[in-house]
Amino acid sequence: MARINAAAWLVLALALLLSPFSAAQPIKTTPTHWSFHLPLPDGVTGAESLAFDRRGQGPYAGVSDGRVLKWGGSAVGWTTFAHGPNYRKIPLCTASVVPSEDTESICGRPLGLQFFAKTGDLYIADAYHGLMKVGPDGGEAEVLASKADDDGAPFHFVNGLDVDQATGDVYFTDSSATYPRRFNTEIMMNADATGRLLRYDARARRVSVLKADLPYPNGVAVSADRTHVVVAHTVPAQAFRYWLRGAKAGQYELMADLPGYPDNVRRDARGGYWVALNQEKARIDVPAGAAPVKHLVGVRLNANGVEVEELTAAKGVTLSDVAEKDGKSGCKQARACLRACQIEPAKTC
């Protein structure tokens, strides 16, 4: 799925939340209002995912040359926070003389990001290097795993992740056992269903496969009560949940059909989830050739997978991540949350 051909930037959108929702209410439509434009440094594109640290600083975003950048405010701008093991060792990674698509398999491509609040460590899903971690002060990230321990199968396209804030365990996706990130469109064209949901046990330092043979698993979010993990499937535009405990432990069940092709999924402050939509699905209620009434770029699901809110934007805008900064206090007290969104002219992740 191609993104729009425009300059890359990371945008903070302020979307006003005027009233609480319930499953009985009609779906609320919230137009996004771009409050801050944060142009990325020259020569890089694609802020795929973002994170805020335990002090509320950031956002942090992974970019096309293999680095994770940190926004330090308008006076500081973007600085390098972390990078993969090859970034400082191979001159090609810092020279910007060839397209990043040709070097990302060497220099790395950080996608999913999430902090573990107890330690301040940042976990990074790098499409090529695998699961990585860097400490609160940044620097060269440590590769924790490049294959699953229970079957020995190497990762091909590590994509989304989330961290259980109670245990430090990391849940992440390997979007395909066949195609790397650079050829992600082949996953959709060939209906590839070789993706996996995995768990990194922080104490045992081992990776196990929770579910295999999945069609394009992408973003991941651990539920607020830690009973299950939500996985966004870019194709076939659905969200599933894998039960971690309880009577359904080990089951993988459909949670929601989505109105577009999802990228990342994040918890909100109300027990539900924000799902960023990289592209809308064709709508049967719109005549051929007619412009749609609204352009969807994200949806909010409640804890049961019911769509309760939709984000709209101007035509051409596409999102890869929607997150709340200080969501609980911000939403309840100010009735406003920061949505962190980005536009990338590269391929879907």
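What percentage of the 349 residues in the chain is buried?

1. **The model.** This is a predicted model, in which local features need pLDDT of at least 70, side-chain atom pairs count only at pLDDT 80 or more, and totals for chains, interfaces and linings use all residues. Residues are numbered from 1 along each chain as its sequence is written, and side-chain values use heavy atoms, with hydrogens and water left out.

2. **Burial.** Buried residues make up 54% of the chain; buried means under 20% relative accessible area, exposed over 50%, and partly exposed in between (1.4 Å probe, protein chains only).

3. **Strands and helices.** You can look for 26 strands and 4 helices in the chain. Both are DSSP runs numbered from the N terminus (helices: H or I, at least four residues; strands: E, at least two).

4. **Contacts along the chain.** Take the contacts (heavy atoms within 4.5 Å) between residues at least 6 apart in sequence: 52% of them join residues at least 24 apart.

5. **The largest nonpolar core.** A nonpolar core is a set of buried Ala, Val, Leu, Ile, Met, Phe, Trp, Tyr and Cys residues joined through side-chain atoms within 4.5 Å. The largest one here has 16 residues, and Val170, Phe172 and Val207 have the most contacts inside it. Strands 9, 12, 13, 14 and 15 each supply at least two residues of this core, with the largest share, 3 residues, coming from strand 13.

6. **Val207 and a second core.** Leaving aside neighbours within four places in sequence, Val207 is in contact with residues including Ala145, Phe155, Phe172 and Leu198. A second, separate core has 14 residues, among them Ala256, Val265, Tyr273 and Val275.

7. **The largest pocket.** Its volume is about 850 Å³, and it is lined by 38 residues, of which Phe52, Gln114, Gln165, Arg267 and Glu324 are the closest to its centre. On a 1 Å grid over the protein atoms alone, a pocket is an open set of points where a 1.4 Å probe fits, with protein on both sides within 12 Å along at least five of seven lines; lining residues have an atom within 4 Å of a point. The volume is the space filled by probe spheres set on the points.

8. **Pro31.** Find Pro31 in strand 2 (residues 28-31). Pro31 is partly exposed, with a relative accessible area of 41%.
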